[in-house]
Amino acid sequence: MDTSDQNRLLTKRLQEMQKEQLSISAINVALSKALDRSQFGIALQNHCKPILNYDEIILLNCDKDDKGFKVFHSSAAANKLHGDHVYVPKDEIIAQCLRSAEPVLFDLKHFSEKKDQEIASLLSPKKTGMRMAVGIALPSLHDHESIVFFLYKNYMTSEDIPERILTAISTQLAVSMRIIKIFMMAGSIKIPHEAENNEVQEIKVKKGFNGIIGESAVMQDIYEQISQVAPSQSGVLIYGETGTGKELIAQAIHDLSSSSHKKMIRINCAAIPSNLIESELFGHEKGSFTGATEQRKGKFELANNSTIFLDEIGELPLELQGRLLRVLQEKEVERIGGSQRIRVNVRIIAATNRNLDKEVAAGKFRSDLFYRLNVFPIELPPLRGRKEDIPLLAAHFLEKHGKKTGKKISGFSQNVLQEMCRNPWPGNIRELENMVQRSIITAKENIIKEVTFPKIPDLQQENSQEWQIKTLQQIEKEHILKVVEKCNGRISGKQGAAVLLGLPSTTLISKMQKLGIHKQHYFKNKD
């Protein structure tokens, strides 16, 4: 084979790989946007089926509350009513899929004979009209297991199985099913309407996305971003004001990732003195410094094959930023006082309430570390930017803290809820929770009718009474106007404004034209 043929083959192969990656990306994006079974089915039909060329699809699901697998989704009409039937994990077909790290090919013509196996009955040609099936176990997520069967009418061999695509979309399939299950299992609490008090407002609270409360459009976007990034091992940088729930978002990403079975390691970079944070992150050897009486593993070692959450990353000292960058690049840590390099496989989720772009420009944060961390940024809105969620959050905190006090408080008055929505909440969700807790303690009735909001000085208004920052052009324009008005609109001559300003009249006229000063400006107050 000559060089030109090799180049053509290589080009063709690269094009095929590029097409394959685009297909995988399209499927994963479509699945990540599905938040209920209907959207999930549409995503499979419109994006997955045309690429994998199956005729029918059946997905089974089992989590810690189930005794076995249930049909989560089926495109086969005969199987759509099997959602509540339980298929035990000991079933030979299920067990075979769970044991295998690769897709398993089944010839369905033999399934009609296996009357003792319920899955065989579910997949049998009599029920589905199919000839072959490919079964694959999806990655386990937080005690949540799933199996997908792709069914085909025609005969297939193992060479026909698009294994790379199946493997690439399997994690997103599992994550999407997990997210939909979370929404399906979402409980609700109700603040009831009291007949004797028509001021009480009824609120239903969905305890939805991994403990995150919120139904606003901006939060739905956040949920979609979480579902997109969770299956990957990409770094995530969460931006948000203090009290917006950055740690909850990090926990949700970890819980929906393939390492959810391991604990997420947390460290607050602002809460640890700068002389101790290096030891906290990377560990130390016995005797490496005064007080190091024993060997200690750092947070990165503890987070191996899991996730580390670095809260307030903007507070990390510059000298440690360089060492953190080396850990990210080399995937190795070295304890203080040690000479051995320890391999670590850690996903980093960082959070900050600072504007790191400005910190980089000011030389307070390393640009190379910033770009390493900022692979997938998520920006959390302040509470004042999602006011429709305030009643839901207030009801959630009422249920949470009301039980602890033993008081039977059923809700808030409409006036209180309206005041809550008008409040700017500089402390965000944390401030709201504290206020609800305080209101429960001071409440004298079963309805919270009064709350005390902290008085926040209006700095902008105070500053405006003293002086405002203006550009030199604005100051120059105002000064010229005052002088021209004082001269009754006269520009040149002994009594003209040019003399008072110490300028030639032609120069003053030119300046006025540039500043947009016209006769109507300085004659507007004249009769």
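Predicted model: local features only at pLDDT ≥ 70, side-chain atom pairs only at ≥ 80, totals over all residues.
Me: In what order do the strands of the antiparallel open sheet stand?
Reply: Strands (E, at least two residues) and helices (H or I, at least four) are DSSP runs numbered from the N terminus, and two strands pair if DSSP finds at least two bridges between them. Strand 2 (70-74) and strand 3 (104-107) are the edge strands, each pairing on one side only. Neighbouring strands are turned by 25° against each other on average, direction ignored. The order of the 5 strands is 2-1-5-4-3.

Me: At what angle does helix 2 run to strand 2?
Reply: Angles run from 0 to 180 degrees between N-to-C directions, and axes are lines fitted to C-alpha atoms, for helices over the stretch in contact; contact means heavy atoms within 4.5 Å. Helix 2 (residues 37-52) lies across strand 1, strand 2 and strand 5, and its angle to strand 2 is about 65°.

Me: Why is one side of strand 9 and of strand 16 left without a neighbour in the sheet?
Reply: An open sheet of 5 strands with parallel pairing has the order 9-12-15-8-16. Its twist averages 20° from one strand to the next. Strand 9 (265-268) and strand 16 (376-379) lack a neighbour on one side because they stand at the edges, each with a single partner strand.

Me: What is the bridge partner of Phe309 in strand 15?
Reply: Strand 12 (residues 306-311) and strand 15 (residues 346-352) are paired in the parallel sense over 5 bridges. The partner of Phe309 in strand 15 is Ile349.

Me: Is the crossing of helix 14 and helix 15 left-handed or right-handed?
Reply: Helix 14 (residues 390-405) packs against helix 15 (residues 414-422) at an angle of about 115°, with the axes 10 Å apart. Ile390, Pro391 and Ala394 of helix 14 meet Leu417, Met420 and Cys421 of helix 15. A crossing is left-handed if the near helix is turned anticlockwise from the far one by less than a right angle, and right-handed if clockwise. Helix 14 passes helix 15 in a crossing that is right-handed.

Me: What volume has the largest cavity?
Reply: On a 1 Å grid over the protein atoms alone, a cavity is a set of points where a 1.4 Å probe fits but cannot get out, while a pocket is an open set with protein on both sides within 12 Å along at least five of seven lines; lining residues have an atom within 4 Å of a point. Grid points are joined across faces, edges and corners, and a volume is the space filled by probe spheres set on the points. Glu285, Arg335, Gly338, Ser339, Gln340 and Ile342 line the largest cavity. Its volume is about 30 Å³.

Me: How much space lies in the largest pocket?
Reply: Among its 25 lining residues, Gly243, Thr244, Gly245, Leu248 and Ile429 are the closest to its centre. Helix 8 (246-255), strand 12, helix 14 and helix 16 (428-442) each supply at least two residues of the lining. The space in the largest pocket is about 520 Å³.

Me: Which element gives the most to the lining of the second largest pocket?
Reply: About 270 Å³ of space lies in this pocket, and of its 14 lining residues the closest to the centre are Leu328, Lys331, Val346, Arg347 and Ile348. Helix 11 (318-330), strand 15 and helix 13 (367-373) each supply at least two residues of the lining. The most, with 3 residues, comes from strand 15.

Key. Residues numbered from 1 in each chain as written. Heavy atoms only, no water.
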